[in-house]
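Please read this report alongside the structure shown below.

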Amino acid sequence: MNAPAVCSPLSDHPLRRELNDEAHARPFEPLATPARLSFVAYLHRNASAEQEQWLVGELCAWADVPPPPPGCVHFSTRLGALRFKWARHAEYSSMTVIADGGVAESFAVTALAELPADWLAQLPGNVLHAAHALLLSDDALPTGIEEISARYFGGNDLIGAGLGDGAGRAFTDFRIGPDGFSRYVVGNGTMGRRQAGRMLQRLFEIDSYRMLALLALPVAKSISPELADADRELAELTSAMSAARQDDEPLLLDRLTQLAARIESALSRTDFRFSAAHAYHEIVRRRVAELRETRIQGVQPFTEFVERRLSPAMDTCESVARRQRVLAARVARASSLLRTRVEITHERQNQQLLASMDRRAHLQLRLQETVEGLSVAAITYYTVGLVGYLGKGVKAVGVPVDAELLTAIAIPVVALTVAWGLRRFRRSLVAQA
């Protein structure tokens, strides 16, 4: 019998285990039937992860169980007869309390009510979704939809469907009751503990992510009048550009710049919310698809409710987001056209200025040539005068020199020499420049 081969140690990527463990993060809680559940989801913008861990640690101390380890983002434990699960997500956190077995025929005694009242008072605000759920045997549910509505939902219209291709049934009215909680009733036909846990978690997440997605709708409604005003102002500016005079261009460009700044400011305020809404909407659709619904006669299914109630709101948000991007692009194009027009005007002015400078340089050259001519005459005059005086002096000492003739001969020689010297001096200056 061959001995097993000994593998050499592998050199792992630094993130290998972290990425692998991500597939097992936030596991579903298996549920026995019957059971009572309470679920709370809140935005954690005012609560840090350390504060939430401390709060969960206080609950663990009440039940005398180990607290969550530092740095964790999800934690589950048993608190006596209860089970507790906490998870921190990108924008919100959730807490689930599960009471297995016992009386689960009504919402009179909820799982959350069995936690200490002083601890519940410390829960962070910004609650976005809170719900109680009953997991019952399907045989324990009334057979008629009207009876289910009357017993658990105050006679409201129900949304519901078969789950897991008929392995169970789920009902809700998607309303917030007087106690601040929504309600779910799930009838378990043939679902196992893990499947039941997955289905309840998906139902909670559908409503949580639906609410998170709808956070963008008030933003879209509030920004629409601002976009309408910006659109009108842009139309006014583009119309004025065609008939604008040269003196009007700087003012138009300033107004366009201010308009672009307002639109960019609106984009920075809303872009994250609209992007997040799109992502949350996709999660809701996936969670609904994972329910594997079968229609119950006379009851609106979850898919239909989401498409009819959530999709129009998301279409509105997408329309506003697209309108913002289009308006920003139009302002950018208008600014570019006006800048091009201003640049052409400046280029024409620069050309005129260069032409004027060229004329001035030509005149200066002419003046310089005139001055050079005068300089040649002046230098020649004084130099020839010195030659004349030199001839007279030489004649005075007895040398036979005709001073007038010497002066006459010196005039062309001196003039040519001076002109040649000045020209050479000017060329050397030009070469150095």
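## Cavity lining

Two elements, β4 (92–100) and α5 (193–214), each supply at least two residues of the lining of the largest cavity. Helix α5 gives the most, with four residues. The model is predicted.

A search of the whole structure finds one cavity of 30 Å³ or more. The largest cavity has a volume of about 60 Å³. Its lining includes the nonpolar residues Leu 31, Leu 37, Ile 98, Leu 200 and Phe 204. Glu 29, Lys 85, Thr 96, Gly 197 and Gln 201 also line the cavity.

## Backbone features

The peptide bond from Thr 33 to Pro 34 is cis. Omega there is near 5°. Pro 34 sits in the loop between α1 (16–22) and β1 (35–43).

Asp 165 has a positive phi, near 60°, and is not a glycine. This residue belongs to the loop between β6 (159–163) and β7 (168–172). Phe 174 also has a positive phi, near 50°. Phe 174 is placed in the loop between β7 and β8 (182–188).

Which of the two is buried, and which exposed? Asp 165 has a relative accessible area of 54%. Exposed means over 50%, so Asp 165 is exposed. Phe 174 has 13% relative accessibility. Buried means under 20%, so Phe 174 counts as buried.

## Cysteines

How many disulfides does the model hold? The count comes to zero, with a disulfide taken as a pair of cysteine sulfur atoms within 2.5 Å. Cys 60 illustrates this: the nearest cysteine sulfur, that of Cys 72, is 9.5 Å away. That distance is not within 2.5 Å, so Cys 60 is in no disulfide.

Cys 60 is buried, at a relative accessible area of 1%. Cys 317 is buried too, at 3%.

## Surface patch

Where is a nonpolar patch found on the surface? Leu 353, Leu 354 and Met 357 form one. Together they have about 320 Å² of accessible area.

Leu 354 lies in helix α9 (residues 311–396). Is this leucine buried or exposed? Leu 354 is exposed, with a relative accessible area of 55%.

Technical notes. Residues numbered from 1 in each chain as written. Predicted model: local features only at pLDDT ≥ 70, side-chain atom pairs only at ≥ 80, totals over all residues. Heavy atoms only, no water. Patch = residues over 30% accessible without salt bridge, like charges linked within 9 Å, V, L, I, M, F, W, Y side chains within 5 Å. Areas by Shrake-Rupley, 256 points an atom, 1.4 Å probe, with all protein chains shown as cover. Salt bridge = Lys/Arg side-chain N within 4 Å of Asp/Glu carboxyl O. Buried < 20%, exposed > 50% of the residue type's maximum accessible area, 1.4 Å probe, protein only. 1 Å grid on protein atoms, 1.4 Å probe; cavity = no way out; pocket = protein on both sides within 12 Å on 5 of 7 lines; lining within 4 Å. Points joined across faces, edges and corners; volume = space filled by probe spheres on them.
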